[in-house]
Structure formats: structure tokens, C-alpha cells
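Hello,

Here is the structure I promised to pass on. Please load it first, then read my notes below.

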Amino acid sequence: MAPKIMRDQSSRDKKRALDIPTAGVHALINDLLAIDANDQASVHAKAAVMRELAKRHAFPSLEPLLPLVLNLNGRPYTIKDHLPFSPLFRVLTPKNQVWCTGRQVSKSTSLAAHGVVFANSVPFFKTLYITPRFEQVRRFSNNYVRPFIDLSPIKSQWSGTSTENSVMQRSFKNNSMMLFSFALLDADRVRGVSADRVCIDEVQDMDPDHLPIIQETMSYSRWGTSYFTGTPKTLDNLIYGLYKRSSQAEWFIPCDSCKHWNIPALEHDLDAMIGDYNIHISEKHPGTVCAKCRKPINPRQGRWVHRYPERRWQFAGYHVPQIILPMHFADPEKWSTLLLKREGYGNMTQAQFYNEVMGESVDTGQKLISETDLKASCVLEWENKKEPDPACYKNLADYKHRILAIDWGGGGEAGVSFTVLTAMGFRLDGTIDVLWAKRLLIGGDHLAEAIECMKWSSFFKCDFVTHDYTGAGTVRETVMVQAGFNLDRVMAMRLVRSAAQDLLVYKPPTEINHRAHYSIDKTRSLLYTCQAIKLKQVRFFQYDWSSQDMPGLISDFLALVENKADSRTSSDIYTITRNVLLTDDFAQAVNLGCAALWHINDAWPNFAAIAGVARITERQAAAERIDDDDDWADDAIGNRFMGY
């Protein structure tokens with residue numbers, strides 16, 4: 001049995017989006033379809049009847065109009081094979097929409113059809129279409145929008161000698177306009193443009209910093225609606241952030257056999273709904289199956305259900321994987337290709353399969369740690385708050401050592417670096433708990449930051465303080481010492497980028513540098529910390545991401561990216577860099593804290609033992625050992641290996 005909220009909502013949706021009020025309207029529409037498009041008198045009569053239908057409020061959706069006014073490939077255009085896009089054509093629309101889709105699901109065609117019909121339905125309406133690159137917007141304007149205008153049976157009612165029909169701008173007789181632009185590197189091209197609606201396609205490749213500039217084009221409009229469409233990539237991508245802020249609707253498909261409602265989303269039934277190949281795949285025998293009983297299910301019977309219905313009219317979000325469209329689930333050849341892609345056909349990776357085919361955001365191997373791993377390590381019961389939750393400090397005695405770790409701000413690589421401090425505790429079993437953290441948004445006020453650090457060090461009864469020993473760190477440390485802080489409790493860490501030393505090395509004072517400190521290999525230490533997080537040896541407070549605008553602290557780890565650079569003098573250089581669109585301050589602070597606690601307790605983690613990897617015996621080691629005096633390629637085994 002479907003949940004009540006789903007039943008109520010889906011019945012309203014179906015009535016609103018699909019039904020035409022009266023049987024008489026159906027008859028009129030059928031008559032209109034039979035009108036000769038070459039007969040101008042008939043075309044004028046058609047337009048008059050359509051106006052009459054509009055006066056009778058016969059169209060809660062633009063969908064019934066589509067076959068009357070648009071042609072595609074020589075036939076009246078409908079979305080009967082693309083029903084999931086029905087909400088796009090409703091007259092009553094939300095303030096914002098985001099569509100996360102797989103490739104080849106008719107997203108661009110639907111967007112172009114909607115734009116053309118809506119522009120000719122509302123006088124003086126301006127729609128701005130934006131893609132990252134010029135070639136993308138040129139293709140959309142020429143290959144999708146232009147054919148709908150040129151091949152329309154009522155083209156003469158829409159455009160003529162007084163209207164413009166260029167690649168970057170298309171206007172209509174009712175003074176509505178469709179404008180086209182691109183904004184990969186900057187958004188300067190749209191400055192000065194006035195629009196009522198902004199449609200950003202391939203939004204996954206857009207710079208988030210450009211969105212405020214683009215949306216400012218609607219500041220004077222009483223409409224001010226935004227459409228975002230694209231194919232997801234990673235979990236820190238812009239389209240993923242937009243979808244997380246939306247109502248997150250999924251296409252629920254009922255099973256007639258066991259009554260299970262199948263949800264084609266990765267966190268629910270998506271993988272289990274992909275049935276095996278057989279030659280009988282068709283509309284009657286779809287490739288999609290019930291995740292519970294494995295009987296065939298038809299996505300045509302599906303309906304949209306919003307995870308957060310309260311967001312529906314402010315920010316609607318829709319997920320459209322290929323498997324819910326007839327062109328894929330009812331075509332044996334297409335279904336076979338889909339199954340091959342899942343198995344890696346054409347060098348398609350698993351991440352690419354979920355991105356391109358299923359319209360799902362997934363992590364890639366380039367990221368040092370995934371959001372999934374981070375969420376799994378957020379097992380402490382309390383949330384991180386500006387003022388610490390009592391639960392995070394009521395059992396401080398359970399920790400052998402406590403430390404305040406600090407990563408100083410100062411602009412960073414792209415001006416987005418702020419000081420972050422975090423309180424951490426080392427448990428008797430070797431686990432490290434990240435108790436609390438705070439990002440200080442007070443700029444370069446070194447004195448104020450030093451006071452904050454002393455305050456929280458005292459609050460959490462920290463045994464030590466560790467910080468990155470840069471020039472900025474030296475100033476703050478001096479302020480703390482002058483205020484009476486014990487210098488012996490401060491572990492100064494200087495980050496180095498090469499692997500030419502041990503992971504953590506003590507550097508005694510010299511005549512040049514009178515401050516004793518530790519030199520820490522940045523790359524290897526981050527690898528240690530992230531591996532410890534994956535094995536739940538480092539645990540966090542509750543995951544604190546709430547939106548793209550409020551990403552919290554833990555998501556800073558998602559900014560860490562593996563990078564391998566060529567070297568002219570030796571082997572490749574492996575480094576950890578930062579995604580320039582994200583901050584990594586909290587990750588660096590936690591890394592310093594982990595390294596300090598492991599060093600203080602002489603308890604660097606044994607990852608093999610923690611993961612349960614069996615230790616190699618002496619006998620196995622001896623069997624693997626090769627005599628240096630022998631050339632293995634000359635022995636019998638080597639010859640067999642080489643095929644001789």
C-alpha cells in the first residue's frame with residue numbers, strides 16, 4: 001500500500017497534469033489536428049479555437065497544445081513517450097526547478113518545446129538560456145529550438161519579417177523573446193540582460209559563483225523563475241547541491257503482483273530494477289522488473305512523488321534515469337546496450353554509468369575520500385553547534401589525551417581560507433573522536449583568533465594545542481604565549497610537500513630558527529588520516545551539510561583531490577591538492593590533530609590489522625622471495641609465462 005502522502009499527492013498530480021476538463025475539449029483538439037496546415041484560413045480558425053479553449057481554462061498544462069502547434073520529425077509532437085517531463089509543461093509552475101537526468105532522455109527536446117510554446121503563450125515574456133560553452137548553446141538554439149519554430153503548422157502566427165530568428169536571439173509576434181548565451185569562464189555576457197526566466201542547461205559544468213550574477217537578470221521581473229537541467233557528476237557538483245535543496249521527486253512505479261512501490265534511485269531500488277536481457281522485451285514485457293518480486297513492471301504506470309512536498313512549489317527537483325523511458329525499457333537493443341554499459345562496455349566506468357545513464361551523482365576515484373565514507377564515520381550522537389552541545393564535553397575523562405588542532409586562515413589558494421579550530425580526543429582503544437569544530441570568520445584579526453583558541457582549549461581541557469607553523473601561525477602563537485599560555489603544550493607543525501623525509505620529524509631549535517617544531521609530510525599524513533576515517537578510527541559529530549550555501553565543516557574533506565605530476569628528473573610526484581571551488585581548512589586541522597595524537601601516544605594506526613588483513617607467514621614470504629643471482633626469464637617458469 002502506498003503511503004498516504006504519496007497517494008494524495010499523486011492523484012492531484014495526475015488530475016492536474018494529464019486530464020482535460022471535458023470530453024468536448026478532446027473532440028475540439030482532434031478536430032484541430034485534422035486541419036490542413038497549408039490552408040491559411042484553416043490556420044486562423046485553429047488559432048481562434050485555441051484562444052477559446054484558453055478562455056475556458058481548458059489547459060492546466062501546455063501538454064495538450066503540443067501536437068497542435070509543434071511538429072517533430074514530420075509528426076505532431078507529444079510527450080506520450082516522455083511522461084516524466086509532464087511537470088515541465090504545467091501552467092502553474094514552482095519558483096525553481098532542477099532536472100537531474102541521464103543522457104538521451106529527450107531533456108533538451110522537452111526544454112525547447114516548452115520554451116517555444118510558453119513564449120508564444122505569454123506576451124512580452126523573455127527567457128534566457130545559458131550553457132557553459134558556446135557550442136552547446138548554438139546546438140540547442142539551432143538543432144532543437146529552430147526546428148520547432150520553422151516546422152510549426154502555425155508558424156505564420158508566431159514569426160514573420162518583423163521578428164528575429166538568429167542563433168543567439170529568437171523573437172515572436174507577441175514580443176516574447178528567447179535569448180541564448182554561455183558562461184563557462186565568466187558571466188559578463190549576461191550583464192545588462194533582462195529576463196523573466198533563466199534556463200541553465202548542463203548546469204553541472206557551471207561555476208557556482210556565476211549563478212548570482214545570472215539570476216540577477218531576473219531581479220526586475222514579476223516572474224523570476226529558474227530552471228536547472230543537466231547530468232550529475234560527483235557528490236560535490238553544483239547540480240547535486242541544487243537537487244539536495246529541492247523537493248527531490250522520484251518516479252514511483254507500482255508492481256501489480258506484489259504491490260511494492262519501486263523507486264528508481266540509487267539509494268533505493270535502482271540497481272534491482274534493471275532486469276536481465278531477453279528477446280521479448282517490449283511495451284508489454286518491459287526490461288524493468290520489481291525490486292522485490294522480480295516480475296516485470298511498466299514505468300508508464302509511474303508517477304512523481306516528492307520526498308519533501310513542502311518544497312515542491314518553491315524548488316521542485318526531478319530525477320530521470322534512462323530506465324523509466326519507453327525508448328530504453330521497451331527496446332531490446334537499447335536494453336542490451338544499457339546492460340553492456342553497466343558491465344563496462346566501451347570502457348565505461350561504474351561512475352560514468354550512474355552519471356550518464358542513470359542521472360545519479362556518485363563519487364569518483366580521484367577524490368581522496370567519498371561523501372559515503374564521511375557519512376559512515378559521523379557516528380557521534382551530537383550535532384556540531386556554534387556553542388558546543390553538552391553531550392560533546394560531558395565525558396572528557398574518557399579520553400587519554402585531548403587536543404585543540406588549528407589550521408590558520410589567510411586567503412588560501414583562492415581567497416576562501418579561514419581559520420578552523422577543532423577539539424579532538426584520543427580514546428584508550430586508539431580511536432580519535434572529533435568532538436567539536438568552528439570556522440572563525442573574523443578575517444586577519446590575529447589577536448581575536450588567539451583569544452578564541454585559548455578559550456576553547458581551556459573549555460575542552462586540552463592537554464595540547466597543535467597548529468600549522470606558518471608565518472601567520474607564528475604571530476598567533478606569540479600572542480598566546482604572551483597571554484600566559486604554556487609553550488610546552490604547543491606542537492608547531494610545518495607542512496612539507498615532498499616524501500624526502502619520515503612522515504613526522506622533530507626539528508630542534510637552531511641559530512636561525514629558535515622555535516622547535518615538527519616537520520610533517522602533507523601528502524602522506526592526509527592519506528593516513530583519510531584511511532583512518534574510512535576504517536572508522538576517526539569519528540565525527542553528525543554530518544553537518546545542509547545546502548550548497550551551508551556546506552558545514554565535514555564536507556571540507558571532499559575538497560581533497562589526488563594528483564600525480566610528471567617529473568623530469570625522477571619518478572612521478574604524487575600530491576594531494578584542493579578543489580579550487582571548495583575549502584579544505586577543517587580537513588587540514590583534523591589532519592594536524594590526528595598526527596599529533598598518534599605521535600604523542602606512539603600509536604600510529606596499523607591499517608592491515610584494523611582491516612583484518614591476514615599477516616603473511618615466513619613460509620609465504622620465502623616462497624615469494626626471488627634469488628637475485630637468477631634471471632627468472634631464463635628458467636622454465638619464466639619461459640612458460642612468456643609463451644615459449
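H11 gives the second largest pocket the largest share of its lining, five residues. Bear in mind that this is a predicted model. The pocket holds about 1000 Å³ of space. Elements that give two or more residues to its lining are strand S2 (75–76) and the helices H5 (107–119), H6 (134–150), H10 (326–329), H11 (332–342) and H12 (350–357).

In total, 40 residues line the second largest pocket. Which of them lie nearest its centre? They are Gln104, Val105, Ser106, Thr109 and Tyr144. By class, the lining splits into 16 polar, 13 charged and 11 nonpolar residues.

I looked at S14 in some detail. This strand covers residues 419–427. Its antiparallel partner S13 (residues 399–407) is joined to it by eight bridges. Two pairs to check on screen:

- Tyr399 stands opposite Arg427 of S14.
- Arg402 has Gly425 of S14 as its bridge partner.

S14 also pairs with strand S15 (residues 432–440), again antiparallel and over eight bridges. Here Thr419 has Leu440 in S15 as its bridge partner. What do S14 and S15 form together? They make a hairpin, with four residues between the two strands. In that turn, Gly430 takes a positive phi of about 95°.

Is S14 mostly covered or mostly open? Mostly covered: eight of its nine residues are buried.

Last, helix H14. It runs over residues 446–459, 14 residues in all. From first C-alpha to last it reaches 20 Å, close to the 20 Å expected at 1.5 Å a residue. Which residues of H14 are buried? Glu449, Ala450, Glu452, Cys453, Met454, Trp456 and Ser457 are. When you view that list, recall that an α-helix has 3.6 residues a turn, so residues three or four places apart point the same way. Just after H14, Lys461 has a positive phi of about 55°.

That is everything from my side for now.

Best wishes

Terms used: Residues numbered from 1 in each chain as written. Predicted model: local features only at pLDDT ≥ 70, side-chain atom pairs only at ≥ 80, totals over all residues. Heavy atoms only, no water. Expected span 1.5 Å × (residues − 1). Buried < 20%, exposed > 50% of the residue type's maximum accessible area, 1.4 Å probe, protein only. 1 Å grid on protein atoms, 1.4 Å probe; cavity = no way out; pocket = protein on both sides within 12 Å on 5 of 7 lines; lining within 4 Å. Points joined across faces, edges and corners; volume = space filled by probe spheres on them. Nonpolar A, V, L, I, M, F, W, Y, C, P; charged D, E, K, R; others polar. Pairing = 2+ DSSP bridges.
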